[in-house]
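Let's walk through a protein model together, one region at a time. Keep the structure open beside you as you read.

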Amino acid sequence: MYDLSIIGGGPVGMFAAFYAGLRNADALLLESLPRLGGQVSALYPEKDVYDVAGFPHIKAKQLVSELTTQLHEFAPAVSLETTVETITKEDDGTFTLTTNQGAFHAKGVIIAIGNGSFAPRKLAFDYDHALDDRRVHYFINDLEDFRDSDVAVAGGGDSAIDWALALEPVAKSVTIIHRRDQFRGLESSVEKMKASSVNIMTPYLLTGLTEEASRLTIGLKKARTKEESSLTADHLIVNYGFTADARILRDWPIEIKGATIPVNTNMLTSTDRIYAIGDVVDYPGKMQLIASGFGEAPVAVTQALQEIYPERKQPLHSTSLIH
Ligand SMILES: Cc1cc2nc3c(=O)[nH]c(=O)nc-3n(C[C@H](O)[C@H](O)[C@H](O)COP(=O)(O)OP(=O)(O)OC[C@H]3O[C@@H](n4cnc5c(N)ncnc54)[C@H](O)[C@@H]3O)c2cc1C
């Protein structure tokens, strides 16, 4: 039985799990994706973030790396690829969380699911999924993985253009493939890309993928024509965006407002011992920022622990703790 189960391993859930450790709580962090960091890792790891206190600017993936180091200071239990499906309040006031990896039990719950469990939009055709993460990428961890490679980027939005531009100085060649002639990205980024060495293939649709002699062959069809061709590359990065699904909230024993959870100033939901923090919450003046979530996490953890262990008194300042 854990003291606190924290649902969602985005930046806010990560900080909450660390803070629970700082407060001597036995915490469990549950994350549906194969890696921590939430939107920061999945959507913009290479971007600079300018509004996290103490860092004039920090690359998003570096922020996740620092949060990971901080998280492991108190070694909380972390379960990745674990999606919480139901939350049941038991007669003794504790909670059972059912997930795709079995059930977990906790005395209190902190929900930090952001916009809901999100997943990359996949290629629309069938292909050998053994290529995923090896040659076909929906997530990028490190630009260095693509050094001196021929890289194809599929997509026409800001993210696809940003990746194409970020890869250009690292990769041997970068080709962006988009089904329309017009890109949906910022005009200045589109101009920058046009002036760069990125090869632009529009309007093309991807039709198939095969691996031959350690290279990918990407089947292409020119939009609105019967013209078919192919391109070979070492890697394909697919940037069709993400879908976020917060419908699961409807089955949880708390009041919701659309895809958000109303909370009071203690970050408490409508149910005792279930707290919520980060992008998923709603209160007057809420801002969906990392900094706001970092402020909400200590409130939720402290309030939850006061509720579970009213006899425990702890110093407010981390500088008073002996670690
Ligand atoms: C392009 C872009 C740029 C941004 N730039 C900035 C910026 O410069 N500064 C700033 O402050 N903010 C920025 N943000 C917003 C910032 O990323 C969010 O405010 C922040 O990520 C919220 O953190 P979170 O932990 O609440 O949620 P998330 O980051 O969304 O993490 C939630 C996690 O919960 C997991 N999850 C969901 N459902 C379940 C479930 N049922 N079971 C288990 N796990 C689940 C998800 O997989 C996800 O990993 C930006 C956002 C985007 C998209």
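This is a predicted model: local features need pLDDT of at least 70, side-chain atom pairs count only at pLDDT 80 or more; totals for chains, interfaces and linings use all residues.

## A pair of strands to begin with

Strand β14 pairs with β15 (residues 215–222) in the antiparallel sense, over eight bridges. Strands here are DSSP runs of E with at least two residues, numbered from the N terminus, and two strands count as paired if DSSP finds at least two bridges between them.

Residues are numbered from 1 along each chain as its sequence is written, and side-chain values use heavy atoms, leaving out hydrogens and water.

## The sheet around them

Which strands make up this open sheet, and in what order? There are three, arranged β14-β15-β16 with antiparallel pairing. The edges are taken by β14 (204–212) and β16 (228–233); each has a single partner strand, so one side of each is left without a neighbour in the sheet. On average, neighbouring strands of this sheet are turned by 25° against each other, direction ignored; the axes behind such angles are lines fitted to C-alpha atoms, and angles run from 0 to 180 degrees between N-to-C directions.

As background, strands of a sheet pair through backbone hydrogen bonds, either parallel or antiparallel.

## Strand β7 and its two partners

Now move to β7 (residues 95–99). Four of its five residues are buried (under 20% relative accessible area, with a 1.4 Å probe and protein chains only), so this strand is largely enclosed by the rest of the structure.

On one side, five bridges join β7 to the antiparallel strand β6 (residues 84–89), and Phe95 stands opposite Lys89. The hairpin of β6 and β7 has five residues between the strands, and Gly93 takes a positive phi near 90° there. Strand β8 (residues 102–111) also pairs with β7 in the antiparallel sense, over five bridges. In β8, Phe95 has Ala106 as its bridge partner, and the hairpin of β7 and β8 has two residues between the strands.

## A buried asparagine in a loop

Asn239 is found in the loop between β17 (235–238) and β18 (242–245). Is Asn239 buried or exposed? Its relative accessibility is 14%, so Asn239 counts as buried.

What does Asn239 touch, beyond its neighbours within four places in sequence? Its contacts (heavy atoms within 4.5 Å) include Val153, Ala154, Gly155 and Trp163. Ser159 is also among them, and the side chains of Asn239 and Ser159 are joined by a polar contact of 2.7 Å. A polar contact is a pair of N or O atoms within 3.5 Å; within protein, one must be able to donate a hydrogen and the other to accept it, and residues adjacent in sequence count only if both atoms are side-chain atoms.

How values were computed:
Buried means under 20% relative accessible area, exposed over 50%, partly exposed in between (1.4 Å probe, protein chains only).
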